[in-house]
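Please consult the sequence and the coordinates alongside the text.

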Amino acid sequence: MAIERITVLISGRGSNLGALLAAQAGGTLAGAITHVISNRPAAPGLALARDAGVATSVVDHTAFASREAFERALAMEIDRSEPGLIVLAGFMRVLGAPFVSRYSGRMINIHPSLLPAYAGLHTHRRVLADGAREHGCTVHFVTADVDGGPIILQGRVDVGAGDDEAGLAARVLAVEHRVLAEAVNLFCEGRLSIAGGRVERAP
Ligand code: GRF
């Protein structure tokens, strides 16, 4: 089987991207990250990619008059790198249905909650405000239903009485890094399929 080409989309810090690049450098990533695209020119994650010798580009959403125009430009940039897998790793734009369906079944996202609980933003703060005992992260296929696509993997953390937002976010992030790399590997090994809106995982 050919090595899966992976394009990673980011908006900021890029620590999840960093975890994938570290796996790639360590020889434990089943695919090859060939391109990183940011919608923000100043995203610190771009430097991580450059330092790892991975091609980068910026498609700045503020330069486009409409979401549709931004997404057309983004799709052109993605398609140029001919990925088998697109990873949204802290990519902070909601994507429209035509864009999402173009990459159906080969675009995944990491979200910092145990979906379907806590879709949307500020998940750690909301978990703490609710007094929830359990939190975590989810890697899922991207569909037009924001944060609602078929779930590939989740990672759990217990919420302690002494947790604050920053500490909880850091503990979840460490789990994100592990779970995202594992999900990417499952995809690249051809072990994931979607049936009836659910992910099936081959042994
Ligand atoms: C992560 O918590 C991710 O789950 C969320 O945005 C954050 C991005 O962090 N979607 P980073 O840029 O990967 O460090």
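Is Phe64 buried, partly exposed or exposed? With a relative accessible area of 29%, Phe64 is partly exposed, because the buried class requires a value under 20% and the exposed class one over 50%. The model is a predicted one. The points below are grouped by topic.

**Aromatic pairs**

- A pair of aromatic rings is described by the distance of the centres and the angle of the planes.
- The count of aromatic pairs comes to 3.
- One of them joins Phe64 and Phe70 in a tilted arrangement, with 6.0 Å from centre to centre and 55 degrees between the planes.
- Within this pair, Phe64 is partly exposed, whereas Phe70 is buried at 4% relative accessibility.
- Phe99 and Tyr103 form an edge-to-face pair, with 5.2 Å between the centres and 65 degrees between the planes.
- Phe99 counts as buried at 3% relative accessibility, and Tyr103 counts as buried at 1%.

**Ligand site**

- The residues surrounding the ligand are Arg13, Gly14, Ser15, Asn16, Gly90, Ile110, His111, Pro112 and Glu176.
- An oxygen atom of the ligand lies 2.8 Å from a backbone N or O atom of Gly14.
- A polar side-chain atom of Ser15 is 2.6 Å from an oxygen atom of the ligand.
- On the nitrogen side, a ligand nitrogen atom is 3.2 Å from a polar backbone atom of Ile110.
- The ligand taken alone exposes 370 Å², of which the protein buries 87%.
- The largest pocket is where the ligand sits.
- Helix H1 (15-25) and strand S5 (107-111) are the elements that give two or more residues to the shell around the ligand.

**Backbone geometry**

- Most residues other than glycine have a negative phi, and most peptide bonds are trans.
- Leu115 and Pro116 are joined by a cis peptide bond with an omega of about 10 degrees.
- Pro116 is placed in the loop between S5 and helix H5 (123-130).
- Tyr118 also has its place in the loop between S5 and H5.
- The phi of Tyr118 is positive, near 60 degrees, in a residue other than glycine.
- Tyr118 is buried, with a relative accessible area of 19%, because the class covers values under 20%.
- Glu82, which is not a glycine, has a positive phi of about 50 degrees.
- The loop between helix H3 (67-80) and strand S4 (85-88) holds Glu82.
- Glu82 counts as exposed at 59% relative accessibility.

Technical notes. Residues are numbered from 1 along each chain as its sequence is written. This is a predicted model: local features need pLDDT of at least 70, side-chain atom pairs count only at pLDDT 80 or more; totals for chains, interfaces and linings use all residues. Side-chain values use heavy atoms; hydrogens and water are left out. Rings of Phe, Tyr and Trp (its six-membered ring) pair if their centres lie within 6.5 Å; planes under 30 degrees apart count as stacked, over 60 as edge-to-face and the rest as tilted. Buried means under 20% relative accessible area, exposed over 50%, partly exposed in between (1.4 Å probe, protein chains only). A residue is near a molecule or strand if one of its heavy atoms lies within 4 Å of it. A polar contact is a pair of N or O atoms within 3.5 Å; within protein, one must be able to donate a hydrogen and the other to accept it, and residues adjacent in sequence count only if both atoms are side-chain atoms. Accessible areas come from the Shrake-Rupley method with a 1.4 Å probe; for residues, only the protein chains shown count as cover. On a 1 Å grid over the protein atoms alone, a cavity is a set of points where a 1.4 Å probe fits but cannot get out, and a pocket is an open set with protein on both sides within 12 Å along at least five of seven lines; lining residues have an atom within 4 Å of a point. A molecule sits in a cavity or pocket if more than half of its atoms lie within 2 Å of its grid points. Helices (H or I, at least four residues) and strands (E, at least two) are DSSP runs, numbered from the N terminus.
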